[in-house]
Amino acid sequence: MADTTLKFPHKIEDLDPETNAEISRNFSGGLNHLVQVGPQKMLIPSEFSDECDNYYNFKFRKGDVIVVGYPRSGTTMTQEMVWLMLNNFDLKKALDTSLIVRVPLLEARSLTTKETIAAVNATNQGAEKLRLYRSSIEILRANPGRRVIKTHLHFNFLPPDLLNCGCKIIYVARNPKDVVVSLYHLQRTSQGRQYTGDISTFLDYFVSDLTLFAPYWAHLSQGWERRHSPNVHFIFYEDFIQNRRHHIKTIADFINQKLTTEQVELLEDTLEFSHFKKYMSRGVDRDMNTRQDVNDDFIRKGEIGGWKEYFTEEMNQKMDKWVKENVARIGIEFPLEF
Ligand code: A3P
């Protein structure tokens, strides 16, 4: 049989060593060799080079639901909601089985560098979780049912036939001011590569496209451009949390799941932020933040406009300029001013 494997068509180039060294200085480790991928120069550890063909050729199937978004845009609540819809609201299984296994992150292996693996193994904690995390592709291939798959990859690094293979894609977007604050807090808790710098430096990285999966705007614009495709459902975090009931129903319709009124109510209640935080703390994923010395939960605050607590006037002006330029360029319409 002819080999139909496609070659990953994009350039992968080392980030310039000086910039990489500057970033590494602000992390406890694990980001020593970053690469930039494709015309938009998506930033990711160099491990991506070993796996990009696997992502580009991944066999998505009819019935799969794929949750796509820039990190910290609300992808976890979305994946949990969809998993429950497709798994008969099996709350026991949801709490007993990690999201790593129920909704694998396609590119997980590319995010675990030699240094992060060594750091996790040195603590004797989380080694099994890490092994599962790194096995995302094998776990997905072995699942014969309707799969829920998460990815932060930009669309042009996923299979070219993605929109026509019968799967459903939910793209989640969130305003960049709340994204950068949320990402800053997350990176402070990363085992083996903890961010040790200040928030203002982190914001500089974000607006210079030097955070993982950046550029934020390239990610967003690829989702926005595809929003009218029949197999794509584009949703803003802000819209969702302001009217969960409506969006739960719309998403259920989009993935062809009929929900009873009780099921809609159950989801609405479970996904309310304080309930969701409690819900996650009851399950096996309760310790997503493995650093006891940093008090930041993975399910953290769930606010719209929480950035105001963190930005100085200077940071805000920098962001506003960046947002204005890019919104005009892309033509995206956010639901709320920020
Ligand atoms: P904050 O850090 O601002 O609180 P992702 O899952 O894509 O990494 O996004 C994480 C962000 O979504 C975090 O933002 C997290 O608290 C928030 N979040 C998670 N579950 C939520 C829910 N049920 N309602 C509102 N926000 C939620």
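View 1. Gly69 sits opposite Val172 of β6. Strand β4 (residues 65–69) and strand β6 (residues 168–173) run parallel and are joined by 5 bridges; strands are DSSP E runs of at least two residues, helices are H or I runs of at least four, and both are numbered from the N terminus. Two strands count as paired when DSSP finds at least two bridges between them. This is a predicted model, where local features need pLDDT of at least 70, side-chain atom pairs count only at pLDDT 80 or more, and totals for chains, interfaces and linings use all residues. Residues are numbered from 1 along each chain as its sequence is written, and side-chain values use heavy atoms, with hydrogens and water left out.

View 2. The open sheet has 4 strands in the order β5-β4-β6-β7, with parallel pairing. At its edges are β5 (148–151) and β7 (232–236), each pairing on one side only. From one strand to the next, the twist averages 20°. Helix α14 (residues 244–254) packs on this sheet and touches β6 and β7, its direction making about 165° with that of β7. Contact here is heavy atoms within 4.5 Å; axes are lines fitted to C-alpha atoms, for helices over the stretch in contact, with angles from 0 to 180 degrees between N-to-C directions.

**View 3. The three-stranded antiparallel sheet.** Here 3 strands make an open sheet in the order β1-β2-β3, paired antiparallel. β1 (12–14) and β3 (42–45) each have a single partner strand, so one side of each is left without a neighbour in the sheet. Neighbouring strands are turned by 35° against each other on average, direction ignored. β1 pairs with strand β2 (residues 34–37) over 3 bridges, and Gln36 in β2 is the bridge partner of Glu13.

View 4. A polar side-chain atom of Thr75 is 2.5 Å from a ligand oxygen atom, and an N or O atom in the Arg174 side chain is 3.0 Å from an oxygen atom of the ligand. On the backbone side, a polar atom of Leu271 lies 2.8 Å from a ligand nitrogen atom. The protein covers 98% of the 570 Å² of accessible area (Shrake-Rupley, 1.4 Å probe) that the ligand has on its own.

Note on methods:
Polar contact = N/O pair within 3.5 Å; in protein donor to acceptor, adjacent residues only side chain to side chain.
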